[in-house]
Amino acid sequence: MTAIRTTCAYCGVGCGIAARVTGPRRIEVAGNPDHPANHGRLCSKGTWLSETTGLEGRLLHPMIGEERAEWDEALDLVAQRMRTAVAEHGPDSVAFYVSGQLLTEDYYVANKLLKGFVGTANIDTNSRLCMASAVAAHNRAFGEDVVPCSYEDLDRADLILLVGSNTAWCHPVIWQRIEQAREQHGTKLVVIDPRRTETAERADLHVPVAPDGDVALFNALLAAMRDRGMLDADYMAKHCEQPGGFIDGLDVAAHGLDPDIFASLCDLVADHPNMVSLFSQGANQSVCGADKGNAIINLHLATGRINRAGSGPFSMTGQPNAMGGREVGGLANMLACHLGFEDDERAAVAAFWNAPNLSSGPGSKAVEMFRAVHQGRIKFLWVMGTNPAVSMPDAGFVREALARCETLVVSEVIAETDTAKLAGIRLPALGWGEKDGTVTNSERRVSRQRALLPAPGEARADWRIMCDVAHRLGHGAAFAFDHPADIFAEYAAMTRLSVDQGRLLDLTDWAGCSPAEYDAMEPFRWGGEHPTAGRFAFADGKARIVAVQPAAPPAVDPDFPLRLNTGRYRDQWHTMTRTGLSPKLSIHRREPLVEIAPADAARFALEDGGFAQVSTPWGQAVYRVAVTDGQRAGEIFVPMHWTDLTGSGRTGRLMHPAVDPVSGQPGFKNVAAMVAPV
Ligand code: SF4
């Protein structure tokens, strides 16, 4: 039995897998020792992918309402509804909400169809919920959404700062790599997180930052480095622009931390010039997430800790292909291939695609998109591979919006997700292990996902479904793709436009690749180890130190005196549509818990093991109580995974829809809340 080399379905670490088919719908999974992202390691989620390839709950046939339909009938209806919406209400009445679970080829076709041929940029992705703030910070600092680090930097750093990341649970193979560096190299580890997570417990220093206190902390750290004479004036003069006086004017004291902890942090940073700052959802999922990203990047730019081995600000992506989606343009505020909506960039894209109807400007970002659906401005919504009825903030409102949408199409693997249950048209899509394409991980490494199993029922690849609709809309020539290799070859050729505009995204070596070359693709990383080492993507080649100021803390609401934080469990993924199938993955946490400090449990009459209702101004949900001193008094934590279908703990219903004004990313980490015994 030959192993088929593919890539994990879950997080942005992008681990290589060697899988063997052992029977009908049965596989064995092992880490691929030759994949540079993981060198054979896997976490529990990757290992137990073997328990998730059965057909339980699968959507196997196109459905119109509750009736099984033929593919032609369903696709004709999708095309007709799209055409009618555009004719009667204009292109902006159409929207796609897509997913970091899609492959780059799917994303490319979705983006091309909507932005180039339907004529609207109303395509956004669930990556908006996890990565948009890092994207905005990169764009503001580097002139392009480019990650300046690679995984090798973790092996070479003397100090790693983990910012807003429970890495041991959420990116376990990166965690194993960090642990190895600590053992072999003596690397120091600092965890900056309001919670004392498992990751924080194992750090050399835990910095219990206040919720959304990261900008104040990093500004103070930058000021402290200035006061200790640790800034790199030469590097800044050659490679950075900074607003006059920003660093000079920073206040070293304005961060609210225990002075001893802050002094220890400053000592560690001052003593270890090879420093990587890994940041994740605790930084991004915030109403000031873009500023947090820039505060972190500022420290690296001002101390010259970037573009060399073992140094740099490193954003870890959440999903397997959040990065690939960003590259091709799957965010509503980008056009394609890291290009925007400036006249010359639009003209280049229109010419490349021979697009008759290129969108003129940005479309609606996720939260705005569902608001437009609720208001009836968006009449046709196509959701692919994601479950916004659960995962969006203010999920009750989003569910209402979906229920009232004139045409809701859902392409899915699972027949009855909370979102699919509301759809008028359901289209069966291929899932992990059945589809072929590419994904890009956190360090810009492109890897193949390969099919292991035959397509179940009548399921089809997402790109194929969209091409079939494009044909029906009269755009067949532009969507005459027969193989994912054809799409990748076109996308790679299109990155020539990015290069011509001075951007760093460059896959032109793969332009026009054949299916055989594509099938033989080994994982490769665009931009090398440090893509910004030669120059940054701004026209002058310099980075920008962005002046960012801490947001004022929110006013305390006596009815909701606690701050609610959310996150992941180690062995679950998103809304559990896949991981929920695995008995092994259910063992770690069998139910959703509200974690609360002993003092708060006493204050609100909660008992460990009892039940509590968590309320916010947006909704209520019930959780089992876990009293823990890992939680600071005044703050509580709940997981994100459980849904209306899986029972209690429906966290999306508690979340406010407030977003970062720069990135449009919702703030899932700092919501006013109250608890009461049930
Ligand atoms: Fe999959 Fe992420 Fe685990 Fe690697 S670390 S096996 S990519 S879930």
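Helices (H or I, at least four residues) and strands (E, at least two) are DSSP runs, numbered from the N terminus. Residues are numbered from 1 along each chain as its sequence is written. The model is predicted: local features need pLDDT of at least 70 and side-chain atom pairs count only at pLDDT 80 or more, while totals for chains, interfaces and linings use all residues.

**View 1. Asn354 in the loop between H15 and H16.**
Asn354 sits between helix H15 (343–353) and helix H16 (366–374). Its phi is positive, about 55°, although Asn354 is not a glycine. Most residues other than glycine have a negative phi. A residue is buried if 20 or more other C-beta atoms lie within 10 Å of its own, exposed if 12 or fewer, and partly exposed in between, with C-beta atoms placed from the backbone. Asn354 counts as exposed because it has 11 C-beta neighbours inside 10 Å.

**View 2. Arg25 in the loop between S2 and S3.**
Arg25 is not a glycine, but its phi is positive, about 60°. Is Arg25 buried, partly exposed or exposed? Arg25 has 14 C-beta neighbours inside 10 Å, so it counts as partly exposed.

**View 3. Residues 1–57, a domain listed by UniProt.**
An unreviewed UniProt entry lists residues 1–57 as "domain: 4Fe-4S Mo/W bis-MGD-type". UniProt positions are given in the numbering used here, feature names are shortened, and annotations may be inferred rather than shown by experiment. The chain over residues 1–57 is 7% helix and 32% strand. The end C-alpha atoms of this stretch are 29 Å apart.

**View 4. Gly433 and its contacts.**
Gly433 is in the loop between strand S16 (425–428) and strand S17 (437–440). Gly433 is buried because 23 other C-beta atoms lie within 10 Å. Two residues are in contact if their C-beta atoms, placed from the backbone, lie within 7 Å. Leaving out residues up to four places away in sequence, Gly433 touches Ile27, Thr53, Leu452 and Leu453. Gly433 and Ile27 are 406 residues apart along the chain, and their C-alpha atoms are separated by 9.3 Å.

**View 5. The largest nonpolar core.**
A nonpolar core is a set of buried Ala, Val, Leu, Ile, Met, Phe, Trp, Tyr and Cys residues joined through C-beta atoms within 7 Å. The largest one has 188 residues, and Ala110, Ile160, Leu221 and Leu381 have the most contacts inside it. Helix H9 (residues 214–227) supplies the largest share of this core, 10 residues. A second, separate core has 23 residues, including Val638, Leu654, Phe668 and Met674. In soluble globular proteins, nonpolar side chains tend to be buried together.

**View 6. Ile160 and its contacts.**
Which residues does Ile160 contact, leaving aside neighbours within four places in sequence? They are Leu154, Ile178, Thr187, Leu189, Val276 and Leu278.

**View 7. Val191 in strand S9.**
Strand S9 covers residues 188–192 and contains Val191. Val191 counts as buried because it has 29 C-beta neighbours inside 10 Å. Apart from residues up to four places away in sequence, Val191 touches Leu162, Thr199, Ala200, Ala203, His206 and Val207.

**View 8. Helix H9 with H11.**
Axes are lines fitted to C-alpha atoms, for helices over the stretch in contact, and angles run from 0 to 180 degrees between N-to-C directions. The axes of H9 and helix H11 (residues 259–271) come within 10 Å and cross at roughly 60°. That makes H9 oblique to H11. Angles under 35 degrees count as roughly parallel, over 145 as roughly antiparallel, 65 to 115 as roughly perpendicular and the rest as oblique. Leu221, Ala224 and Met225 of H9 meet Leu265, Cys266, Val269 and Ala270 of H11.

**View 9. Helix H9 with H13.**
H9 and helix H13 (residues 289–302) have axes that come within 8 Å and cross at roughly 15°. The two helices H9 and H13 are therefore roughly parallel. Among the residues that meet here are Phe218 and Leu222 in H9 and Ala295 and Leu299 in H13.

**View 10. Helices H3 and H20.**
Helix H3 (residues 104–118) packs against helix H20 (residues 484–500) at an angle of about 65°, with their axes 9 Å apart. H3 and H20 are therefore roughly perpendicular to each other. Thr104, Glu105, Tyr108 and Val109 of H3 make the contact with Pro484, Ile487, Phe488 and Tyr491 of H20.
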